[in-house]
Amino acid sequence: MNIKNLFILLIILLYTPLCFAGETINSVKNAYRHNNKGLIYLEEKYYFGAIKEFQIAISLNPKSQASASFYTNLGTTYEKIGYNELAKDCFEKALALNPLYFDSYLKLAENYKKLGIAPQKLTSYQNNRKSPLSDVMIGLLYIQTGQVTTGITVLDEFVNKEENLILSAGVKEYINKLTETEDD
């Protein structure tokens, strides 16, 4: 090998990494992309693909508030195919990651009803109130067990006590929706 070829090879080896140095992988953006792809699959009723995409999104961004919506989407997909126990785990994880997202409470309470454990969970939440946020689940579980008036009262009291929380807006909207339905 002559010196000219060696020199060219050396230049190629030194500058090649610089060509790719600007390319970084952004796991947060990729997580959102996989979640969006999962939503498309869910809409198309391609449940296996949706499950895989939501799982990838969660694995790329496992402990963020955004992952709460990924878990909720995964749980919703599991429910669509009849895997309510797996859905329950997803909704519980979503609630743990973002306790200020009302849809997680609602989906979890509805899931407890589907599994036939809403009355037991209501008793459990009543006996283990960890924070004022427990009242949201208690109110929803009252509603899921057929005690609609009591549930609305509990939720209304929560909203009055915690009116500045983001969660309260979702609770208010849900109460309004319930009371409109009852008036009809």
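Modeller: Lys45 sits in the loop that links helix H2 (27-43) to H3; helices (H or I, at least four residues) and strands (E, at least two) are DSSP runs, counted from the N terminus. The model is a predicted one, in which local features need pLDDT of at least 70 and side-chain atom pairs pLDDT 80 or more, while totals for chains, interfaces and linings take in all residues. Residues are numbered from 1 along each chain as its sequence is written, and side-chain values use heavy atoms, with hydrogens and water left out.

The backbone at Lys45 has a phi near 65°, a positive value in a residue other than glycine. As background, most residues other than glycine have a negative phi. Lys45 counts as exposed because its relative accessibility is 59%; the classes are buried under 20% relative accessible area, exposed over 50% and partly exposed in between, with a 1.4 Å probe and protein chains only.

The axes are lines fitted to C-alpha atoms, for helices over the stretch in contact, and the angle runs from 0 to 180 degrees between N-to-C directions. From H3, the residues Tyr47, Ala50, Ile51, Phe54, Gln55, Ala57 and Ile58 meet Ser67, Phe70, Tyr71, Asn73, Leu74, Thr77, Tyr78 and Lys80 of H4, contact meaning heavy atoms within 4.5 Å. The residues of this H3 contact with H4 comprise 10 nonpolar, 4 polar and 1 charged; Ala, Val, Leu, Ile, Met, Phe, Trp, Tyr, Cys and Pro count as nonpolar, Asp, Glu, Lys and Arg as charged, and the others, Gly among them, as polar.

H4 also holds Thr76. With a relative accessible area of 15%, Thr76 is buried. Its side chain reaches the backbone oxygen of Thr72 at 2.9 Å. Apart from neighbours within four places in sequence, Thr76 is in contact with Leu42, Phe91 and Lys107. For Phe91, the C-alpha to C-alpha distance from Thr76 is 8.6 Å, at 15 residues apart in sequence.

Thr72 comes up again with Ser104, as the two side chains are joined by a polar contact of 3.4 Å. Such a contact is a pair of N or O atoms within 3.5 Å; within protein, one must be able to donate a hydrogen and the other to accept it, and residues adjacent in sequence count only if both atoms are side-chain atoms. Ser104 belongs to helix H6 (residues 102-115) and is buried, with a relative accessible area of 0%. Once neighbours within four places in sequence are set aside, Ser104 is in contact with Thr72, Ala94 and Leu95.

Asn111 is also placed in H6, and its 0% relative accessibility makes it buried. Not counting residues up to four places away in sequence, Asn111 touches Glu79, Asn84, Ala87, Lys88 and Phe91. The C-alpha atom of Asn111 is separated by 9.5 Å from that of Gln144, 33 residues apart along the chain.

Gln144 leads on to another helix, as it lies in H8. A relative accessible area of 14% puts Gln144 among the buried residues. Leaving out residues up to four places away in sequence, Gln144 touches Ala109, Glu110, Lys113 and Tyr174.

H8 (residues 134-144) and helix H9 (residues 148-161) pack at an angle of about 160°, their axes 7 Å apart. That makes H8 roughly antiparallel to H9. H8 crosses H9 in the left-handed sense. On the H8 side, Asp135, Val136, Ile138, Gly139, Leu140, Tyr142 and Ile143 meet Val148, Thr150, Gly151, Ile152, Val154, Leu155, Phe158 and Lys161 of H9. The contact residues of H8 with H9 fall into 10 nonpolar, 3 polar and 2 charged.

As for the chain that holds these parts, its secondary structure comes to 10 helices and 0 strands. Of its 184 residues, 38% are buried. Among contacts with a separation of 6 or more, 48% are between residues 24 or more positions apart.

Conventions
Parallel < 35°, antiparallel > 145°, perpendicular 65-115°, else oblique. Left-handed = near helix turned anticlockwise from the far one by under 90°.
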